[in-house]
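Me: I would like to go through this structure one assignment at a time, asking in each case what the label rests on. Please set each value against its cut-off before concluding.

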Amino acid sequence: MKLDLSPLIAAIGMIAAAIVIAAPARAADIVDEWASVKAPPAPELKAVTVDPKTTALLMLDFVPKACNAEHNPRCIASLTPVKKLLDEARGHAMLVVYSGYGKFTKNDVLSPVAANESEPFVLGILNKYLHSDLEKILKDKGIQNVITVGTAANGAVLGTASTAAELGFNVIVPVDGISAPDLYAEQYTVWDLTHAPVIASRVTLTKIDMMKF
Amino acid sequence: MAPERVFGITAAMLLAALASFLAVLPEPARAQNIIDEWASVKAPPAPEPKAVTVDAKTTALLMLDFINPSCNEQRNPRCVATLPAAKKLLDAARANSMLVVYTAWGKNTAKDTRPEVAPNGSEPFVVSFLNKYIGTDLEKILKDKGIQTVIIAGTFAHGAVLMTASDSALRGFKVVVPVDAMSSPTPYGEKVAAWELANGPIIAPNIALTTSDMIKY
């Protein structure tokens, strides 16, 4: 009797073809997968006790072009809680450092959170440690922790907070003190600060009324 | 008909009193924060990868953290899946005599690089955590060779790739990021990096999001 092996051969061929088809290293990249990727759960806010002697408040880019009702109303909305934080910092004689970019000066800081004459002001784009003496200002004062507030969340805050963590500072980020023109940017900024390797272990996400001095 | 009075107070008087009370209440600064609003946030449309032509003489390929502890099937299989695209970039860079720079973190060395994309022994290697310019001579290595553009591949997308690409743009380099050669353990990390690199303030105009087969040399 002669066996007809053609169905078996065909089946083996189909299986082999399926294996080859399944083999591509990466069927899709993140742009292809975009719509199916959902945001993970929100990170948890934690209560923080601040040591005023070793903690500085960084007030990032509260200047008109970055913080205005037309392009960034969430920044304007953050001014009230930030003012509360600023008052606490000053009340506890903490170091407060302001930043701007381009040609902005200390005098351009929005009046609700205006800088005192004695408070340092540094210029930098996004990463405020780059091309400024911010690290020296902080280390000369024995600062080990930085509270980072300002705008844009996905610009100056992300760049400065992540670099601070890499430089060895503990970083406190109150979510009601940071802002971006759109919510999506705020969302992925707080996720990245609490999930990126190295950085996440040094960043504490909180809100201003969860901070004790 | 006269308005009805209760204890001598009219409804109009009550409303006026309420209005003046509300007027002196401080305007709520921000009813919610991003954590409260988390579930309502909608993702914007995906950025569109664009074709790029690079000048091989002034372009370097940065191969970030393709080392076994960061790029393995257990912890980060999406990185393993990028190795063919990374190898393609590497072959093209070497064929065009481009500068290739490798990185790692911690105590890892060049020998810990995945064999599929291993350095050839003469290519520079720098060690730093996320932003590969911090504590290294990467900027000097690039500028000494007249590099103006960097192609960045590697892992994690939301760590080393995002921080090094952003800082490259701030340091004056043009940046090319092929999305099929960057990876994070979760796709959300890649999504964060892709959107920020394509849209982040200041940096976005100097960053081109592309794919490994959309780069011409």
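Reply: Let us begin with the contact between the chains, keeping in mind that this is a predicted model: 42 residues of chain A are in contact with 43 residues of chain B. On the side of chain A that touches chain B, the elements giving two or more residues are helix H2 (30-33), helix H3 (73-91), helix H5 (153-166) and helix H6 (183-195) of chain A.

Me: Which element gives the most to the side of chain A that touches chain B, and how many nonpolar, polar and charged residues does that side have?

Reply: H6(A) gives the most, with 8 residues. By class, that side of chain A has 25 nonpolar, 9 polar and 8 charged residues.

Me: What makes Ile125(A) count as buried or exposed?

Reply: The cut-off for a buried residue is 20 or more other C-beta atoms within 10 Å, and Ile125(A) has 20 C-beta neighbours inside 10 Å, so Ile125(A) counts as buried. Ile125(A) is found in the loop between strand S4 (121-123) and helix H4 (134-140) of chain A. Leaving aside residues up to four places away in sequence, Ile125(A) touches Tyr101(A), Leu170(B) and Ile202(B).

Me: Why is Ala93(A) given its exposure label, and what is its phi?

Reply: Ala93(A) has 9 C-beta neighbours inside 10 Å, and because the cut-off for an exposed residue is 12 or fewer, Ala93(A) counts as exposed. Phi of Ala93(A) is near 55°, again a positive value in a residue other than glycine, and Ala93(A) sits in the loop between H3 and S3 of chain A. Such values deserve a check, because most residues other than glycine have a negative phi, and most peptide bonds are trans.

Me: Which peptide bond in chain A is cis, and which in chain B?

Reply: In chain A, the bond from Thr151(A) to Ala152(A) is cis, with omega near -5°, and Ala152(A) lies in the loop between strand S5 (145-151) and H5 of chain A. In chain B, the bond from Thr155(B) to Phe156(B) is cis, with omega near -5°, and Phe156(B) is in the loop between strand S5 (149-155) and helix H5 (157-170) of chain B.

Me: Why is strand S3 (residues 95-100) of chain A described as largely enclosed?

Reply: Strand S3 of chain A is largely enclosed by the rest of the structure because 6 of its 6 residues are buried. Leu95(A), Val97(A) and Ser99(A) point one way and Val96(A), Tyr98(A) and Gly100(A) the other way, and all are buried.

Me: How do you know that S3(A) pairs with S2 (residues 55-60) of chain A and with S4(A)?

Reply: Pairing requires at least two bridges; S2(A) and S3(A) have 5 bridges in the parallel sense, and S3(A) and S4(A) have 3 bridges, also in the parallel sense. Leu57(A) has Val96(A) as its bridge partner in S3(A), while Ser99(A) has Val122(A) in S4(A). S2(A), H3(A) and S3(A) make a right-handed β-α-β unit.

Me: How far can chain A be trusted by its pLDDT?

Reply: The mean pLDDT of chain A is 91, and 87% of its residues reach 70 or more. Over residues 12-25 of chain A, however, the pLDDT is below 50. Where pLDDT is low, the predicted coordinates should not be read in detail.

Note on methods:
Residues numbered from 1 in each chain as written. Chains lettered and ligands numbered in written order. Predicted model: local features only at pLDDT ≥ 70, side-chain atom pairs only at ≥ 80, totals over all residues. Helix = DSSP H or I, 4+ residues; strand = E, 2+ residues; numbered from the N terminus. Contact = placed C-beta atoms within 7 Å. Nonpolar A, V, L, I, M, F, W, Y, C, P; charged D, E, K, R; others polar. Right-handed = clockwise from strand over helix to strand, strands pointing away. pLDDT = per-residue confidence, 0-100.
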